[in-house]
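Open the model in a viewer and keep the selection tool at hand. The stops below go from one selection to the next.

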Amino acid sequence: MPGVVRLALAQARRDRVLLPVWILGIALLGFVTATAVATEFDAESERAAIIGVAAVSPAFLFLRGLPDGTGIGAVVFFQGYAFTAVLAGLMSTFLVIRHTRADEELGREEIIGSLPVPRAAPLAATLLLGAAANLVLAASVAAGFAASGLPGTGAVTAGGAVGAVGVFFVAVAAAVAQVMPSGRSANGAAAGLVGAAYLLRGIGDAFGSPSADLTQVTSGWASLFSPIGWGQRSRPFSDADPVPLLVLTGAAAVVAVAVLVVRSRRDLGGSLLPERAGRERAGAGGTSFLGLAWRLQLPTLIGWCVGAAVLGALAGGLGPVVTDAVVGNESLKELIGRLVPGSRAEIIDVFTAALLGIAGVFAAAAGVQAVLRLRAEEVEGRAELLLAVPRSRARWLGANLVLAAASVTVVAAVAGTAAAVGLSLSGTGNPPGALLIGAALAHVPAAAVFLSATAVVFAAAPRLCIPVGWGLLAGGLILGQFGELLRLPSWVQDLSPFRHSAAMPVEPFDPAAALALTAVALLGAGIAVYLIRRRDLAA
Amino acid sequence: MTSAADPVIKATMLAKTFGATRALDGLDLNVAAGEVHGFLGPNGAGKSTTLRVLLGLIRPTSGVVRVFGLDPWRDPVNVHRDVAYVPGDVSLWPNLTGGEVIDLLTGLRGGADERLRRTLIEDFDFDPKRKARAYSKGNRQKAALIAAFARPARLYLLDEPSAGLDPVMDTVFRSQIRRVRDDGATVLLSSHILSEVEQLCDRVTIIRSGRAVETGSLAELRHLRRTHFRVEGGADPVRLAAIPGVQGVRANGTAVEFDADAADLAPVLAAVAAGGVSGLTVSPPSLESLFLRHYSDRNGQAR
Ligand SMILES: Nc1ncnc2c1ncn2[C@@H]1O[C@H](COP(=O)(O)OP(=O)(O)OP(=O)(O)O)[C@@H](O)[C@H]1O
Ligand SMILES: [Mg+2]
């Protein structure tokens, strides 16, 4: 298609800071993990020990993936792959939506559409850019692994596994962009699909069957429905196999062609979900900052609640089942008994606590997103209209912070309730359901710290608040998931608020920590409210 | 709070810099109560920036601003109580309907006058049931205008308010300006449309590069301009050129053309009559020429 390369270069120029940050960040995470495993688990016997434990703990299998041998590379891949693949997926979906539906919604694509290029050329350019970005990502991850001393074939295959997932989500996001009417909803739906891919893989892996020596696990069928599961099937460091990666890229190509056809036949601005006429008058609450925040955030909040409900249901419902599937393996019973400390109930608790920890991150993300809505209002010029009314900026910010905090609580409560329901459906009376609701809510104070930190950045340095807000949350997640593995000094690990909230039901509730976190969150909110008056409204 | 004699808007030596850009550079602006004040200037002159400063949305780098005698940066809420604003770039919430946007904005100001709201929607021929996503540019503008006019205010700050309106809607808009002026409100109207300024404004301020280069009533501004004469017949160019206030005399075949200071035309007329006249064209200074001169004059010198 003529013009595609030029358009792709123009789009790449817009992303010249963002994409390198994503790519280097992901590659660096791989490099650091590989180096840490190589130094911390130097001896084969040590690695065999943790792999053995992991192979029979559903929590590990769900969160991390499948153990695939005891080599350094295999351990690194097991520890880091699923997260890295999620990051690659998010990088790809945000990239695609930014240049497609979001641009279309803001009217930027119209001017490109007047140029002498085919209608689908901008989309083709974005697909090209996405593919190129993931190629660079694959190469960077491979280089990072190779630099840390892992074997070449494995490093390249592992990089390919990350890149192939990214490429797949480039195509998927392009499809989502055709369906959803706005950039925001498209981003939400596409990111939701990345999350679904992670969860499906998790379910499949948690139902996996360990080998006799507990060094490998074969996943259950559910992971066949997940591109991340497919990437994992390439098994870079045991029996490297590029076929699953080719399948992923092939599927991406098919989807991409279909999407190009759809785009060249559809109207600019058209979507499969059309707009309907709405109400002529604002309802009760339609004339207040809080009411407006609620109206704007509701669709997103529903999305987060659906995600939290799925996660919670898995946490409660799946725990007993997968524990029995793995631990109840008769032929391995004696070996497992020696390897895995604790009773059956305790193993279930670890699984539940781990998943509810992720639900806590979900809740924080919902809150951060609600705060970042303020920035969108400012950039897109609506804050100017809104702040010309006789209400203070502090109230505007305050109303949105209240809504963000409520979002956090609701998402956590939904996860906890779903976990309790799941648990009762799976027929296990222990731990009690109410405890699971408490376990999910226990993460609310930590999550609130993230949203008030985001608010402070919004008030003090608005142009940075989107990358910093999400970056802080990603940092907290990485510290939580990789801090122990990387043996980071404990003060560094303590920087993450999540480390201070109790992982119930494994740990008891810690009221002092919860109060301290709440105090920090309130202090941050106060600082944000104080600072917001002191700056210009800035596009 | 303020007496009637105090200006509603008083800005002195206002400056605002964005990094290296000096958007405002010593602007003086006075708008008296009850006045419709035109605010003109080329693109990038600093009109929108001034309105944002007047609303306390951005803080001036230096200078003093008072709106209703209050500092809008320190006390935005009290200033906004009596202000209606239409921004230059109207962006609405895509998933709210036009009616909901109007209710939101008027509601936050204390509630719309229901009768006004209804008439405005009718007069502007506005469909309040559609989602803002689906509005055309003119319709977004109408939503902002209706929200501004549907609740009485003492000061209307309008940034190119008629941009995107069709001629019929433009007359509706102009009649609304007259209505609020008759109610005693003050209007600061930034505009690029000269006929609109001519029709509506009592006084105007022209700014360029962040500084006021001219301010006064339209009559005064005209007065400062030169009237253009074209005389056919025996007018004596040398005699004409000697009259104080006459410039640019040039003979053009049988005709003589020159510009004369509009303040004192009597000696000019005498000189013209003395030479004998077979044809005479006198053109008043057009607003257009006045503005064009200010807009295009790059050396920063007014007049
Ligand atoms: N937030 C900002 N950051 C940087 N520069 C800005 C900002 N806002 C305005 N400017 C600059 O300040 C100057 C004045 O801009 P302003 O929008 O006030 O002009 P204007 O008179 O409204 O122009 P127009 O007639 O085109 O609407 C311009 O040079 C503009 O680029
Ligand atoms: Mg402007």
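In which segment of chain A does Arg534(A) lie? Select Arg534(A): the residue lies in the segment after α23 (511-532) of chain A, where helices (H or I, at least four residues) and strands (E, at least two) are DSSP runs numbered from the N terminus. This is a predicted model, in which local features need pLDDT of at least 70, side-chain atom pairs count only at pLDDT 80 or more, and totals for chains, interfaces and linings use all residues. Residues are numbered from 1 along each chain as its sequence is written, chains are lettered from A and ligands numbered from 1 in the order in which they are written, and side-chain values use heavy atoms, with hydrogens and water left out.

Arg534(A) is partly exposed at 39% relative accessible area (buried is under 20%, exposed over 50%, partly exposed in between; 1.4 Å probe, protein chains only).

Next, select Leu9(A), in helix α1 (residues 4-14) of chain A.

Finally, show chain B, which has 11 helices and 13 strands. Of its 303 residues, 50% count as buried; Cys201(B), at 8%, is buried.
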